[in-house]
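Here is a short note for a colleague who is new to this structure. Please read the points with the sequence and the model side by side.

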Amino acid sequence: MKRKAKALLGPVITAAVLILYGAGYLAGCLLLPLPIWIKIAGGAVMAAGAALLIFATVERIKEIRSGENDDLGNY
């Protein structure tokens with residue numbers, strides 16, 4: 001496996017695991033007897049978190065493909 005392909009696995013797997021964890025947590029919360037507005041708010045928060053996580057993962061993939069493996073040098 002190429003070096004860049006290996007570098008891509010970390011962010012993608014991490015994002016997938018976190019999104020699946022959040023979806024499972026949300027599914028569990030939806031089964032609880034809570035008011036519908038709390039369920040909708042929780043769903044909105046989880047959806048926003050997943051969207052931000054996907055955005056950050058896409059940005060990291062772009063950095064890796066451009067050859068910037070260590071982004072700590074920017075700070």
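Is Leu53 buried, partly exposed or exposed?

1. Leu53 is partly exposed, because its relative accessible area is 24%, and the partly exposed class lies between under 20% for buried and over 50% for exposed. Please keep in mind that the model is predicted. Leu53 sits in helix 2. Its C-alpha atom is 9.3 Å from that of Ala16. Along the chain, Leu53 and Ala16 are 37 residues apart.

2. Leu53 also belongs to the lining of the largest pocket. That pocket holds about 180 Å³ of space. Helix 1 (3–31) and helix 2 are the elements that give two or more residues to its lining. Among the lining residues are Leu18, Ile19, Tyr21, Gly22, Ala23 and Leu26. Others include Gly43, Met46, Ala47, Gly49 and Ala50. As background, rolling a probe the size of a water molecule over the atoms shows where empty space is left.

3. Now the salt bridges. How many are there? The count is two. In general, side chains of opposite charge can pair when their charged atoms come close. Glu59 and Lys62 are three residues apart in helix 2, which means about one helical turn separates them. Glu59 is partly exposed at 32% relative accessible area. Lys62 is exposed, with 52%.

4. The other pair is Glu63 and Arg60. Their closest N and O atoms are 3.0 Å apart. Again, the two residues are three apart in helix 2, so about one helical turn lies between Glu63 and Arg60. Glu63 has a relative accessibility of 24% and therefore counts as partly exposed.

5. Lys62 lies in helix 2. Why does it count as exposed? Its relative accessibility is 52%, and exposed means over 50%. The C-alpha atom of Lys62 is separated from that of Leu8 by 9.7 Å. Yet Lys62 and Leu8 are 54 residues apart along the chain.

6. Last, the surface. Which residues make the nonpolar surface patch? They are Leu32, Leu34, Ile36, Trp37, Ile38 and Ile40. The patch covers about 620 Å². Trp37, one of its members, lies in helix 2, which spans residues 36–65. Trp37 is exposed, because its relative accessible area is 59% and the exposed class begins over 50%.

How values were computed
Residues are numbered from 1 along each chain as its sequence is written. This is a predicted model: local features need pLDDT of at least 70, side-chain atom pairs count only at pLDDT 80 or more; totals for chains, interfaces and linings use all residues. Side-chain values use heavy atoms; hydrogens and water are left out. Patches are made of residues with over 30% relative accessible area and no salt bridge: like charges are joined within 9 Å, nonpolar side chains (Val, Leu, Ile, Met, Phe, Trp, Tyr) within 5 Å. Accessible areas come from the Shrake-Rupley method with a 1.4 Å probe; for residues, only the protein chains shown count as cover. A salt bridge is a side-chain nitrogen of Lys or Arg within 4 Å of a carboxyl oxygen of Asp or Glu. Helices (H or I, at least four residues) and strands (E, at least two) are DSSP runs, numbered from the N terminus. Buried means under 20% relative accessible area, exposed over 50%, partly exposed in between (1.4 Å probe, protein chains only). On a 1 Å grid over the protein atoms alone, a cavity is a set of points where a 1.4 Å probe fits but cannot get out, and a pocket is an open set with protein on both sides within 12 Å along at least five of seven lines; lining residues have an atom within 4 Å of a point. Grid points are joined across faces, edges and corners, and a volume is the space filled by probe spheres set on the points.
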